[in-house]
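Colleague: I would like to understand how the descriptions of a model follow from the terms used. Could we go through it step by step?

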Amino acid sequence: MTRTLPGRGADAARGVDAGRGLDAARGVDAGRFREALAVHAAGVVVITAQNDGVPVGLTATSFSSVSLAPPLVSFYVDRSSTTWPSLRGAGHFAVNVLASDQSDVAARFARKGVDRFAEPTRWRPGPLGAPLLLDVSAHLICLPYDTSDVGDHVLVVGLVAEAAVHGASRPLLYHQGRFGRFLAHPS
Ligand SMILES: Cc1cc2nc3c(=O)[nH]c(=O)nc-3n(C[C@H](O)[C@H](O)[C@H](O)COP(=O)(O)O)c2cc1C
């Protein structure tokens, strides 16, 4: 028997597995959901922008590639983020892909009540103005392409205008609430 994914709306709320007795509308236990997500290791980026001359930025693990042609990337930002209004108002943003020795940078850009761009953060203004963090593995400069509300987050899609890779440093990863490094299998 062919099964199709439900569309948005009432069918989606019932969920694809409604026939198997799961109640997707009630949702999974919140603690179990967080536990399952924590098992998924993710790379860490800092999204930066400049709004009215003020640099803003936040740490994100929700970064993802979206499309090669056109070159699109995305991240999700919490709708309650105090950084989001400034990011949304900026003409472009930068994705700074952190290197394995930059867990302190990741922690600082997730901390409230601090000047995230003050010492010891090392950065320079990018070609269009958005701050570029130094010592990162790579950075992408993006123009706003699309946004949409998804649950309690906003999906932000950017059109990549410039991409630069800086050296061959290893990635910073986040897993089960801790920062760590990637260890390749022997080839
Ligand atoms: C490892 C890590 C990953 C994070 N990923 C995201 C993310 O993808 N989206 C998001 O909105 N917040 C994410 N956060 C939280 C934000 O960095 C942080 O809570 C936010 O910047 C709070 O400050 P704000 O209100 O000034 O934005 C992450 C935090 C950490 C430590």
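**From terms to conclusions**

Modeller: Let us begin with the protein chain, which has four helices and 12 strands, and keep in mind that this is a predicted model.

Colleague: What makes S9 and strand S10 a pair?

Modeller: Two strands pair if DSSP finds at least two bridges between them, and 12 bridges join S9 to strand S10, residues 153–165, so the two strands count as a pair. They run antiparallel, and one place to look is Asp149, which stands opposite Val154 in S10.

Colleague: What do S9 and S10 form, and which residue in the turn has a positive phi?

Modeller: They form a hairpin with two residues between the strands, and Gly151 in the turn has a positive phi of about 60°.

Colleague: How do you know that strand S6 pairs with strand S9?

Modeller: Five bridges join S6 (residues 93–97) to S9 (residues 138–150), and since at least two are needed, the two strands pair, in an antiparallel run. Within this pairing, Val95 has Leu140 in S9 as its bridge partner.

Colleague: What makes strand S11 and strand S12 a pair?

Modeller: Four bridges join S11 (residues 172–175) to S12 (residues 178–181), where at least two would be required, and the strands run antiparallel. Leu172 has Arg181 in S12 as its bridge partner, while Tyr174 stands opposite Phe179 in S12. These strands also form a hairpin with two residues between them, and Gln176 in the turn has a positive phi of about 50°.

Colleague: Why are S1 and S12 called edge strands?

Modeller: The open sheet has three strands in the order S1-S11-S12, with antiparallel pairing. Strand S1 (42–43) and S12 each pair on one side only, and they are the edge strands.

Colleague: What makes a residue of the protein chain count as buried, and what percentage do?

Modeller: A residue is buried if 20 or more other C-beta atoms lie within 10 Å of its own, and 24% of the 187 residues count as buried.

Colleague: Which residues come nearest to the ligand, and which element gives the largest share of the shell?

Modeller: Of the 18 residues around the ligand, Leu58, Ala60, Ser62, Ser81 and Thr83 come nearest. Strand S3 (54–60) and strand S5 (72–78) are the elements that give two or more residues to this shell, and the largest share, four residues, comes from S5. By class, the shell has 10 nonpolar, six polar and two charged residues.

Conventions
Residues are numbered from 1 along each chain as its sequence is written. This is a predicted model: local features need pLDDT of at least 70, side-chain atom pairs count only at pLDDT 80 or more; totals for chains, interfaces and linings use all residues. A residue is near a molecule or strand if its C-beta atom, placed from the backbone, lies within 6 Å of it. Ala, Val, Leu, Ile, Met, Phe, Trp, Tyr, Cys and Pro count as nonpolar, Asp, Glu, Lys and Arg as charged, and the others, Gly among them, as polar. A residue is buried if 20 or more other C-beta atoms lie within 10 Å of its own, exposed if 12 or fewer, and partly exposed in between; C-beta atoms are placed from the backbone.
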